[in-house]
Amino acid sequence: MTRPLDLTGQTFGRLTVLNMVFVGTRSRWKCRCVCGNEKVATTGNLRGGLTSSCGCIRRESSVAKAKALHVPPVSKWDAAALTKALGY
């Protein structure tokens, strides 16, 4: 049987691996993002680049796009107003 990988302390994008956790019978990695949030991710997603932050990159790019389009701030729950303002 192969030896399991130890990703503790490694950095993937904005995430730094803290320790291994088990969700049911599957192993996952608990990571801390540079923004301070924590995220649990699989080995494959971390090593393959599919998970590189807690979601803060998506939020930051959305805010930047809205500012570039001069969209007034809306509640994050007001999806209809946001999609209308962004022209979707």
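Tutor: A residue is buried if its relative accessible area is under 20%, exposed if over 50%, and partly exposed in between (1.4 Å probe, protein chains only). Residues are numbered from 1 along each chain as its sequence is written, and side-chain values use heavy atoms, leaving out hydrogens and water.

Student: Why is C54 called buried?

Tutor: The relative accessible area of C54 is 18%. That is under 20%, so C54 is buried.

Student: What makes C33 a buried residue?

Tutor: C33 has 4% relative accessibility, so it counts as buried.

Student: What makes up the largest nonpolar core?

Tutor: Such a core is a set of buried Ala, Val, Leu, Ile, Met, Phe, Trp, Tyr and Cys residues joined through side-chain atoms within 4.5 Å. The largest one here has 11 residues, among them L15, V17, C31, C33, L46 and C54. Strands β2 (15-23) and β3 (26-33) each give at least two residues to this core, and β3 supplies the largest share, 3 residues.

Student: Which residues does C31 contact?

Tutor: Contact means heavy atoms within 4.5 Å. Beyond its neighbours within four places in sequence, C31 is in contact with L15, T16, V17, L18, N37, E38, K39 and L46.

Student: Why is T51 called buried, and where is it found?

Tutor: T51 has 10% relative accessibility, so it counts as buried. T51 lies in the loop between α1 (43-48) and α2 (56-68). Not counting residues up to four places away in sequence, T51 touches L15, K39, A41, N45 and L46.

Student: How many helices and strands are there?

Tutor: Helices (H or I, at least four residues) and strands (E, at least two) are DSSP runs, numbered from the N terminus. The protein has 3 helices and 4 strands, in the order β-β-β-β-α-α-α from the N terminus.

Student: Which element has the lowest mean pLDDT?

Tutor: Helix α3 (residues 79-86) has the lowest, 69, and strand β1 (residues 11-12) the highest, 96. Where pLDDT is low, the predicted coordinates should not be read in detail.

Technical notes: This is a predicted model: local features need pLDDT of at least 70, side-chain atom pairs count only at pLDDT 80 or more; totals for chains, interfaces and linings use all residues. pLDDT is the predictor's confidence in each residue, from 0 to 100.
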